[in-house]
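Hi,

Here's the structure I promised to pass on. My notes on a helix pair and a cavity follow below it.

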Amino acid sequence: MKYCIHVINLGNSVNGALGKLLGAKNLSQKVAIHNAVLVPTLTYGSENCKKYRYDYVYYPEIKGWLKQNIIPTTWREARLRCQLEGGELASPIDDGFLKTLKSRSHVSTWTGVHSLFSKGDYFSIGGLPILRMPISWAPGEPDNHEDKEQCIVMMPNGTFADVCCDEMFPYFCFKKKSSSHVINVCGTVDPGYTYEPRTGSCYKFHDHVETWTRAYMTCAAEGAYLVIMDTAIEIQVLVEIFSKYPTSKIYGLTPFKNDIFVGVHDWGEPGLWTTIHGQPIDRLLTTGVINWAGGQPDNATLSGLGQSCTTITRLGHFNDGWCHARAPFICEKAPDSLDDDE
């Protein structure tokens, strides 16, 4: 990843040498001193810094980054994905932004403009009224067909139309450049991730309960994955993280606040438990790295559905669970997962 480094407060010879080294690499960084240890804090707010994530491209004319998502989805899913990635569903908020979007898209594309909160009152995700945007309507638009069209798409020719929010279109996510954000040791601007030296991974506990599928999506959007336990040490790490969140600090309606979703699934083959990265968990079980909780797995049924997803308990034991149930979860991230390969 190419970082933008600006070295300040070099108060001794060690800092001075570090400054020369970083300067030679054309990097930019603020150096903080904690307990006599130099701690790099990587920023992307400076004028010359153009990196955010490997899948986002910087455009100076809009003072931020865009990610083009070519797989069509609904407006609500597009909005959520952009939010989870740290951005927002892009809207043509000015002439420069509109020109950039038009140059990057040759198919109908979602914008962040909607009237979901009050029919007819259209705003961007960031709250800009539609009348302040350089929008030219396609012939016959907007028509609010059958009183069901509350989201706006940009057509291939750069005109706009209102459509049903449940239709499927590709979309752009936008991240505005800001001097207030820093890329931390986990390679992300998300302060929820903490580096764990015992495993070499970063972890984030999500205290709002979600279904297993939504938990998987959330981790993926953050440049991470639903946690996979490889060693006894990692299981201990997860137990320690979970212990910081008693049931009173887990939010949402669910009876499953003493389990966390993890990256193990039966992949449609009941009893053949495999990680989301395709690794059978037999080795973990046969070597005693992890064990099933008492009486588990039992593949209990609820509304005719069996248990294809997996949790771990507060004691660090496996438990099979319903994928449509809601539980807290932990995302695991490699520090370089969002790095640019350049």
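This is a predicted model: local features need pLDDT of at least 70, side-chain atom pairs count only at pLDDT 80 or more; totals for chains, interfaces and linings use all residues.

Residues are numbered from 1 along each chain as its sequence is written, and side-chain values use heavy atoms, without hydrogens or water.

The helix pair: the axes of H2 (residues 75–84) and H4 (residues 212–221) come within 8 Å and cross at roughly 50°, so the two are oblique to each other. Axes here are lines fitted to C-alpha atoms over the stretch in contact, with angles from 0 to 180 degrees between N-to-C directions. Helices are DSSP runs (H or I, at least four residues), as are strands (E, at least two), numbered from the N terminus. On the H2 side, Glu77, Leu80, Arg81 and Leu84 make the contact (heavy atoms within 4.5 Å), and H4 brings Arg214, Met217, Thr218, Ala220 and Ala221.

Then the cavity (points on a 1 Å grid over the protein atoms alone where a 1.4 Å probe fits but cannot get out): there is 1 of 30 Å³ or more. Its lining (residues with an atom within 4 Å of a point) consists of Ala90, Leu101, Thr109, Trp110, Thr111, Met154 and Phe172. Strand E6 (residues 109–114) gives the most to that lining, with 3 residues.

Cheers

Note on methods: Angles under 35 degrees count as roughly parallel, over 145 as roughly antiparallel, 65 to 115 as roughly perpendicular and the rest as oblique. On a 1 Å grid over the protein atoms alone, a cavity is a set of points where a 1.4 Å probe fits but cannot get out, and a pocket is an open set with protein on both sides within 12 Å along at least five of seven lines; lining residues have an atom within 4 Å of a point. Grid points are joined across faces, edges and corners, and a volume is the space filled by probe spheres set on the points.
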